[in-house]
Structure formats: C-alpha cells, structure tokens
Amino acid sequence: SKLEVIRNFCIIAHIDHGKSTLADRILEICEAVPKQKMREQFMDQMDLEREKGITIKAKAIRLRYFSKRFQKEFIFNLIDTPGHVDFSYEVSRSLAACEGALLVVDATQGVEAQTYAHASLAIAQKLTIIPVINKIDLPASAPERAKEEIEHILGKEHPPFFLVSAKTGAGVEELLDAIVQYIPPPQAKSDAHLRALIFDSSYDSYRGVLLFVRIFDGSVKRGDRIRVFSTGAEFEVTEVGIFNPKMQPTELLEAGSVGYLACNMKNIRDARVGDTLVSASDPQPQPIPGYKKVKPMVFCNFYPVQSEDYQRLKDALEKLQLNDAALSFEPDFSEALGFGFSCGFLGLLHMEITQERIEREFGVEVVATAPHVVYHVLTTRGDVVEVKSPKDFPSPTEIEETEEPYVLIQIITPPEYIGGIMELCQARRGIFKDMVYLDAERVLIKYEMPLAEILLDFYSRLKALSRGFASMDYEFAGYRPANLVRVDILVNRDRVDGLSFICCKEQAYHRARQVVSQLKEIIPRQLFAVAIQASIGGKVIAREDIPALRKDVLQKCYGGDVTRKRKLLEKQKEGKKRMKAIGKVRIPQEAFLAVLKSG
Ligand code: GDP
Ligand code: MG
C-alpha cells in the first residue's frame, strides 16, 4: 500500500549534540533544499533561536529519499522537536506524531539530562529508537562509552548503533537506510473517519492559524468540515498541504501522512497542541490520547520603562501571543512601577525569549520583576487563592495554609561531583529520590524540589560546582504544603511592591539579609541617604543604608569649575541605562532580579 513507503520520525538530543546539523545533512541528501539556498541549520529559522542555539517550535519537513540499497524511493516526514525542558509537552506531542526517533548522542560528551528526558518520552510513546552516536570525526570521541550509557536507558532491545559525523556526513546515508529498515511505516485506516493529531501551530496573517497535523485515520481535503475534539468548535478546511520544505498546497492529506491545514481559525488558542481534529460528521469521534492543556508555571511582571510605552507593550504581547499559545498576560498595577502586565510562561527560557523579543522586535524597554511560581493560599476566610504576583500574597494573619509547586529534577553528572550536587539540592529543600550509575563515569540523580528553588540560580550553581559537566532536566510533580511568607522591601520607607518576594519561613531572615545587602550594592548612591529595609507583615527584619553621595563627588571639583560640577551630577543622574524612579530614588533593572541571587 501507499503507507509502506512512509517513515515518520524525529531527532531527539541534548542541546549541542548535533540535532540541527544532522537534520541539515539529511535535507541535503534528500535534496530538499537547493545547495545554494542551503544555509546552516535550515530548521532553526528564527534569528533568536539561532542565537540561543535552540529550536523553539516544532516544524515538519517532507522529504523524498531514494535508497540505493533498497532501490526504491521513500517518503520521510522529519518532525523537528524543541530542545528545551520548558517545551517538553510539545516534545511529547511531536513524538506522538512519529513511529520512530533518532536518539543523537555526542560521542565526546555521552548521555546528558535531556538525552535521558527525551529518550524516556520516546520510550513512553513506544517509538522505535535508533541510537546515533555523533561527532565521530573528533579525536576526543568515545563511542564505546556512549554506547554503554545509551544501553542503560534503552535496554538491550533496539536497532544497532549508528556512528556518524553530522558535520562531514560520514555514516548519514547508512542511517537513512536504517530509518527505512527499522522504523515501521504508519498503520492507519484510510477509509475511517478523520483523526488528526495537532503537534504544532502557527499564525499566518493571510490564512489564519496553520495547524501542523499528523493524520492517524481517514483523510482531509479542502471543503471538509472538521471539529476540534476538546472544544467541539467546527471549521471548514480552506487549504491542506505539505512542507516541501516550503508550504505547498496539496489535494488531500491522507492517513499516515504529516502536513498542515488551514481553516479560517483566528486564534491559536482555539486548537491547542495535542488536541485531535475529527470529522464534523463523525457520530462517535475518538481522541488521540495524551492531550493536556498546558498551564504557565513561571510568572513575572513586565512594566514599561517609559510609562508612555504601555500601549506599545500591550501590542507587543498581543502580537507574540498570536503565535504562542502558552504565553498568558493580564494587566497589572503596581504602586511602585505603575501600569504593566502580569505574564505567565512555561519556564525561564520561555520568559527570557519573550522579554528579548519585546525589546528587540518591538523596541519597548521593560523592567521585569523576578520570576516566581504560582502559590496556592487557603485564607482564614476559607477561600483558595492562586497567587500569581508576590505583591498579592496575603499577610501572615490572613493565611490558613499555603502550597507551592514541586518538580522532579534529573541530574546527570560525573561521580566526582555527587557530593556537591547533593549538598546543593539539600540546601534547596530537595528530597532525595534515586541515584543510578549509567556507567563508571555517569550518574543519574533524582530529587524532588520546590520549583521556586530552581528559579533561584540553581542551574548556574549546578554548572559551576560541576565545572560545566552536570546537566539537568525537570518535570512538574504537583503542589505540596509549605510554610510561606511574603517579604517586602522598603526603599526610604516606601514599599516597592515589585521587589516583594515569597519564601519559606525558615529562610526568610537569611534571604531578607541577602537581598538587602545585594540591593545596597546595586542601587547607585544618590544625593541623599537611602535606607533599604526588609519586612514581614510590617515588622522590619533587615536593614542597610546607602550613604549620600553628593559631598564626595563635589569635593573632587575643588569647588571651582561649575560646568564640570554640573556634568558630574548629570552623569550620576544618568547612571545605569535602565532605571525606574521609585519616589526620588532611581532603581536599576538588576535590583528587581536581586532576589534571584543567593549568597
Ligand atoms: P543541536 O543543538 O543539537 O541542534 O546541535 P547543533 O547541530 O547546533 O550542533 C552543535 C555544534 O556541534 C555545532 O557547532 C555543530 O557544528 C557541531 N557539530 C554537530 N555535529 C558535529 C559533528 O559530527 N562533528 C563535529 N566536529 N561537530 C559537530
Ligand atoms: Mg538545534
């Protein structure tokens, strides 16, 4: 049948292990992109993605591969997956669209945390996993070691190992034949009602929302009426097509295939990744399992540096949201920082990317408060409140109980750093879960830990204490009771609500002292003395003073040269570029991130 020649697969790897480079080699062999147009890393299209070295959104490419070995042409659908932990749900949906995966491991590095996390997702989806050992051209490559580590994850039952250099192309054609040989063709019922998995989406100003779909059963063509399973909303299909690698309309998308579909949908929230499209005439539609509505896990507030920029900031967020179903925002008012937005993200990277895009693509400078998690508070009145901004956290007398989100983190490290890592995890309220040696040189450690503790420069600490060798990944593990308080920061007795933070009671005193002394370093000296205080429920628990600057600066002028005096004062006023005036005190952006640094 037609399905016999189709192979749907993706490439999974830890960051920098060569996923994009391998995809480029595959595209080249299949001549999907004319040589002159072939720029490196075709699949990483967004500039920012290229700069950060990550792929944010899954995309799919249809390739024709003529196998010399089998003397036959095959159709490959290569589905790109996001490489970062923030997007692991999207990874799992991309995997669900495939029958197989290439698990790429850098032979000079071995198995890392994302190798483990992605492989676990692929195993859970029951995919055929072909282990690929990359960068064999490098003298430091140690393929035997990598094999042992991979086998620890995959077990013994898997297709043979393939040794390649994605850079030189060595071994890549053999790998393509292995895709043909080991990854099964899709099994699908062509004559059944439509069942299509949405594994990605994107907004197009002409066609509306484009849904990237894997057709499991039936087929879909222009004019068909479809229904979004979870919402029941119906649409008429206006276009179907494939990525060749550019979008190319086709007559029909058939069972087993991968492509895109447009249906005059205006909002990407109307059909979420992981949802199923069914035929509107299907009396008993069956969804493809695994759908969940992702919720933002990390929040922070954005305020425009110039308050006139409020509307432009709003426009920027709205435009970004067109293409980003996971981004949420609502208006917020801060006594200290004015009008802005409380924004929700999948994780820290998602947050960083969004802020950078607002500044770069829309030219709006923002002050961002420190990222934080969503807390659950049971008040003495018996209400349960979801607190998305520390400044909204009730005062101690109004709180009955509090809960905070926990994650399961997986760290892979050489054994010599185990001690340091366990100390770090314990200091961050981690609960030890498991430790497994993958081989003599790699250990997998699992801890459960409050998500808030990871936002607190956990990753950079882990990297520093393992000299860069440890890697980590995490997944949400649910809400747990916690004993939390809100610490307020006062600058010359004005509460700066954007600096408030929440932490567990036992750490409050210590954290308050740290933050206050950090702020003393960060806030430039002013023409008057500035008192920085931390308080809980109105009670001051820490204080530092920034002495006035004026005298020292002016003394250097020997009282004589008036223009020099003015210049100096002006320069001082300018200070660091991005400042927010709080009363008379100008506070730099870094100050708002001070709560993220720990001593
Ligand atoms: P990704 O993050 O998994 O997409 O990794 P990339 O494909 O961006 O590769 C990361 C880095 O490794 C880039 O500098 C590549 O040029 C390099 N690289 C990838 N494959 C090979 C290889 O086979 N040999 C060598 N020497 N370098 C490679
Ligand atoms: Mg890449």
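Let me start with strands S1 and S4, which pair in the parallel sense over 5 bridges, and in that pairing Ile11 stands opposite Leu102 in S4. Please keep in mind throughout that what we are looking at is a predicted model. For those who are new to sheets, strands of a sheet pair through backbone hydrogen bonds, and they do this either parallel or antiparallel.

Helix H4, made of residues 113-124, packs on this sheet and touches S1, S4 and strand S5 (128-134), with a direction that makes about 150 degrees with that of S1. Helix H1 lies across S1, S2, S3 and S4, and it runs at about 150 degrees to S1.

Stepping back to the sheet as a whole, we have an open sheet of 6 strands in the order S2-S3-S1-S4-S5-S6, with mixed pairing. Which strands stand at the edges of this sheet? They are S2 and strand S6 (162-163), and because each has a single partner strand, one side of each is left without a neighbour in the sheet.

Now let me stay with H1 for a moment, which spans residues 19-29 and is mostly covered, since 8 of its 11 residues are buried. Among them are Leu22, Ala23, Ile26 and Leu27, but the buried residues also include Lys19, Asp24 and Arg25. What covers these buried residues includes strand S1 (6-13), strand S2 (60-67), strand S3 (72-79) and strand S4 (100-106), and helix H6 (172-182) is also part of the cover. After H1 comes Glu31, whose phi is positive, near 50 degrees.

Lys126, which is not a glycine, has a positive phi of about 60 degrees; Lys126 is found in the loop between H4 and S5, and with a relative accessible area of 74% it is exposed. Arg493, which is not a glycine either, has a positive phi of about 70 degrees; the place of Arg493 is in the loop between strand S28 (484-491) and strand S29 (494-495), and Arg493 is exposed, with a relative accessible area of 54%.

There is also an open sheet of 8 strands, in the order S11-S10-S16-S7-S8-S15-S12-S13, and here the pairing is antiparallel. Strand S11 (234-236) and strand S13 (247-249) stand at its edges, each with a single partner strand, so one side of each is left without a neighbour in the sheet. From one strand to the next, the twist averages 40 degrees. At the S13 end, 3 bridges join S13 to strand S12 (residues 239-243), and these two strands run antiparallel, with Gly241 having Pro249 in S13 as its bridge partner.

Let me turn to the cysteines. A disulfide is a covalent bond between the sulfur atoms of two cysteines. How many disulfides does a search of the whole structure find? The search finds 0. Cys30 is buried at 9% relative accessibility, and Cys503 is buried at 4%.

I will finish with Gln507, whose place is in helix H12 (residues 505-522). Is Gln507 buried or exposed? Gln507 is buried, because its relative accessible area is 18% and the cut-off for buried is under 20%. Leaving aside residues up to four places away in sequence, Gln507 touches Ala427, Arg429 and Glu453.

Methods:
Residues are numbered from 1 along each chain as its sequence is written. Chains are lettered from A and ligands numbered from 1 in the order in which they are written. This is a predicted model: local features need pLDDT of at least 70, side-chain atom pairs count only at pLDDT 80 or more; totals for chains, interfaces and linings use all residues. Side-chain values use heavy atoms; hydrogens and water are left out. Helices (H or I, at least four residues) and strands (E, at least two) are DSSP runs, numbered from the N terminus. Buried means under 20% relative accessible area, exposed over 50%, partly exposed in between (1.4 Å probe, protein chains only). Contact means heavy atoms within 4.5 Å. A disulfide is a pair of cysteine sulfur atoms within 2.5 Å. Two strands pair if DSSP finds at least two bridges between them. Axes are lines fitted to C-alpha atoms, for helices over the stretch in contact, and angles run from 0 to 180 degrees between N-to-C directions.
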